[in-house]
Amino acid sequence: MDHRQGKSVLIADDTPEILHVLSAILKRGGLVPRPVTRGGQAIDAAMADPPDLLILDFHLPGMSGLEVCRWFKQEPGLRAIPVIFIS
């Protein structure tokens, strides 16, 4: 049994083409992509339904990826979620 199957991955990137490519790759791997284009959207989405993994672009409008990561790591319910940065 594949333990990745159905796991959700929150992707925050302001480039639609990158979101599309990453989402397609994750879907092929049996994962559930949850793309957003802003840091604040990533926080809202995670609070509503915590993801299993967070993929963050460093450069996001409004709130940078680094600020989002800091926020996640200070939030007790989200701090254990692994974060991957892309740039």
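**Figure 1. Contacts of Met63 in the predicted model.** Met63 touches Gly39, Gly40, Ile43, Val68 and Trp71, leaving aside residues up to four places away in sequence; contact means heavy atoms within 4.5 Å. The model is predicted: local features need pLDDT of at least 70 and side-chain atom pairs count only at pLDDT 80 or more, while totals for chains, interfaces and linings use all residues. Residues are numbered from 1 along each chain as its sequence is written, and side-chain values use heavy atoms, with hydrogens and water left out. Met63 sits in the loop between S3 and H3. Helices (H or I, at least four residues) and strands (E, at least two) are DSSP runs, numbered from the N terminus. With 23% relative accessibility, Met63 counts as partly exposed; buried means under 20% relative accessible area, exposed over 50%, and partly exposed in between (1.4 Å probe, protein chains only). From Met63 to Ser87 the C-alpha to C-alpha distance is 15 Å, and the two are 24 residues apart in sequence.

**Figure 2. Helices H2 and H3.** The axes of H2 and helix H3 (residues 65-74) come within 9 Å and cross at roughly 25 degrees. Axes are lines fitted to C-alpha atoms, for helices over the stretch in contact, and angles run from 0 to 180 degrees between N-to-C directions. H2 and H3 are therefore roughly parallel to each other; this word applies to angles under 35 degrees, with over 145 roughly antiparallel, 65 to 115 roughly perpendicular and the rest oblique. On the H2 side, Gly39, Ala42, Ile43, Ala46 and Met47 meet Val68, Trp71 and Phe72 of H3. Sorted by class, this contact of H2 with H3 has 7 nonpolar, 1 polar and no charged residues. Ala, Val, Leu, Ile, Met, Phe, Trp, Tyr, Cys and Pro count as nonpolar, Asp, Glu, Lys and Arg as charged, and the others, Gly among them, as polar.

**Figure 3. The salt bridge of Asp49 and Arg34.** The structure holds 1 salt bridge, a side-chain nitrogen of Lys or Arg within 4 Å of a carboxyl oxygen of Asp or Glu. Here the side chains of Asp49 and Arg34 meet at 4.0 Å, N to O. Asp49 lies in the loop between helix H2 (39-48) and strand S3 (53-57) and Arg34 in strand S2 (residues 32-36), so the pair ties together parts 15 residues apart in sequence. Asp49 is partly exposed at 44% relative accessibility, whereas Arg34 is buried at 17%.

**Figure 4. Surroundings of Leu53.** Leu53 belongs to strand S3. Its contacts, not counting residues up to four places away in sequence, are Ser8, Val9, Leu10, Ile81, Pro82, Val83 and Ile84.
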